[in-house]
Amino acid sequence: MLTQIVNGKILTPQGWLRNGSIILRDNKILEVTNCDLAIIGASLVDARGMYVIPGGIEMHVHGGGGRDFQEGTKEAFQTAVQAHVKYGTTGIFPTLSSSTIPMIQRAVETCNELMAQPNSPILGLHLEGHYLNPKKAGAQMPECIKNPDPNEYVHIVENSPCLARWDAAPELPGAIQFGRYCREKGILPSIAHTAAEWEDVWAAYEAGFTHVTHFYNAMPGFHNKREYKYEGTVESVYCIDDMTVELVADGIHVPPTILRMCYKMKGVERMALITDALAVAACEGGNAFDPRVVIEDGVCKLSDRSALAGSIATTDRLIRTAVQMAEIPLEDAVRMCSETPARIMGVDGRKGTLQHGKDADIVILDEKLTVRCVWQMGQIVENTLF
């Protein structure tokens, strides 16, 4: 099927292309051009002057539509993924918080099966834990948290072709060895739920931990120990230019001022925006999925209000927060939801930008930055435009 999108402001790697067109055939982009002449035989879509942007790549998300990836079933995976696709996420790395080995094995089996389906939006599995600092566990299940164990993780990696990323606290015994092993196997190790200071962060970076999970959350900043002052994980990461970070851009997990400061310091190429969304994202309903949390002020909190538990954000909300609250240019906000996470996760050869030969993952936003149309691999999955 041939489709031509015309009369939109198209975000290309070179910047905005006004009144151009995108030509799709089946699941690929054939051309992005400044010519808006109708193509014979093409189904014409008028973007009516709206923003035409690449689909979002969600590299950290736990669920949506009332389902959690920890459930491990095809139904749970498919429901959660489709809930997010409607809001502009066209590529997704399902994320498990700290889990038991049987839970991980079920999720791996399901993820492998769904990734093998044609045009799947699922790009790989992300394990957030269970090798985390218990003092920074937050909403993670404490009974699952432990130090890295090669007798455990080697077996998981060798039997999990879908595994793309695995997080850990680098100060734990065995964590540096774990990071090196992940890198050797093509898996991205990421610093998470940590009390790491400079020496820990630098050692982790040299071992292959080049990314940081939900930056600023579940990690220390500048702090005192008695009369002396120490850098935290945050300042240590800023001092390593090549380290990439992800931030939950819901306007709550980090204040908009911090979002803007990180953008200024790390730049659009080393900063990704994530939802870290839980099952209650993109769905109607309350808190029945987990009695430990409560939905309040547009975010998930532990029921005792001692910490944030996760977000209810979707990709479109990330963009609006960055633009409307943190005053980040729209083109950069979009890139941090698409191009940058695609590059961090190693799928930028086919995802993340609107270019010839790339997958036809396309979103149209109106002037209020609300999703009006979504193509995932060339198929319309959401449409309020026509």
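Buried means under 20% relative accessible area, exposed means over 50%, and partly exposed lies in between, with a 1.4 Å probe and protein chains only. The model is predicted, so that local features need pLDDT of at least 70 and side-chain atom pairs count only at pLDDT 80 or more, while totals for chains, interfaces and linings use all residues. Residues are numbered from 1 along each chain as its sequence is written, and side-chain values use heavy atoms, with hydrogens and water left out.

**Exercise 1. Classify Ala218 and Asp26 by accessibility, and describe the phi angle of each.**

Solution. Step 1: locate the residues. Ala218 is in the loop between β13 (211–212) and β14 (223–225), and Asp26 is in the loop between β2 and β3. Strands here are DSSP runs of E with at least two residues, helices are runs of H or I with at least four residues, and both are numbered from the N terminus.

Step 1: apply the cut-offs. Ala218 has 24% relative accessibility and therefore counts as partly exposed. Asp26, at 45%, is likewise partly exposed.

Step 2: Phi is near 60 degrees in Ala218, a positive value in a residue other than glycine. Asp26 also has a positive phi, near 55 degrees.

**Exercise 2. Describe the overall build of the protein chain.**

Solution. Step 1: count the elements. The protein chain holds 10 helices and 23 strands.

Step 1: The C-alpha trace spans about 70 × 45 × 40 Å along its principal axes.

Step 2: consider burial and contacts. Of the 386 residues, 58% are buried. Contact means heavy atoms within 4.5 Å. Among contacts between residues at least 6 apart in sequence, 66% join residues at least 24 apart.

**Exercise 3. Explain which strands stand at the edges of the open sheet.**

Solution. Step 1: write down the order. The open sheet has eight strands in the order β6-β9-β10-β11-β12-β13-β16-β17, with parallel pairing.

Step 1: inspect the ends. β6 (56–61) and β17 (271–274) each have a single partner strand, so one side of each is left without a neighbour in the sheet. Two strands pair if DSSP finds at least two bridges between them.

Step 2: examine one pair inside the order. Strand β11 (residues 163–168) runs parallel to strand β12 (residues 188–191), and four bridges join them. In this pair Asp167 stands opposite Ser190 in β12.

Step 3: look at β10. His130 lies in this strand, and a cis peptide bond with omega of about 20 degrees joins Gly129 to His130.

**Exercise 4. Describe the hairpin of β2 and β3 and the hairpin of β22 and β23.**

Solution. Step 1: take β2 and β3. β2 and strand β3 (residues 28–33) run antiparallel and are joined by five bridges. Arg25 has Lys28 in β3 as its bridge partner. Two residues lie between the strands of this hairpin, where Asp26 has its positive phi.

Step 1: take β22 and β23. Strand β22 (residues 371–376) and strand β23 (residues 379–383) are antiparallel, with four bridges. Cys373 has Asn383 in β23 as its bridge partner. This hairpin has two residues between its strands, and Met377 takes a positive phi near 50 degrees.

Conventions: Rg over C-alpha atoms; globule rule 2.2 N^0.38 Å.
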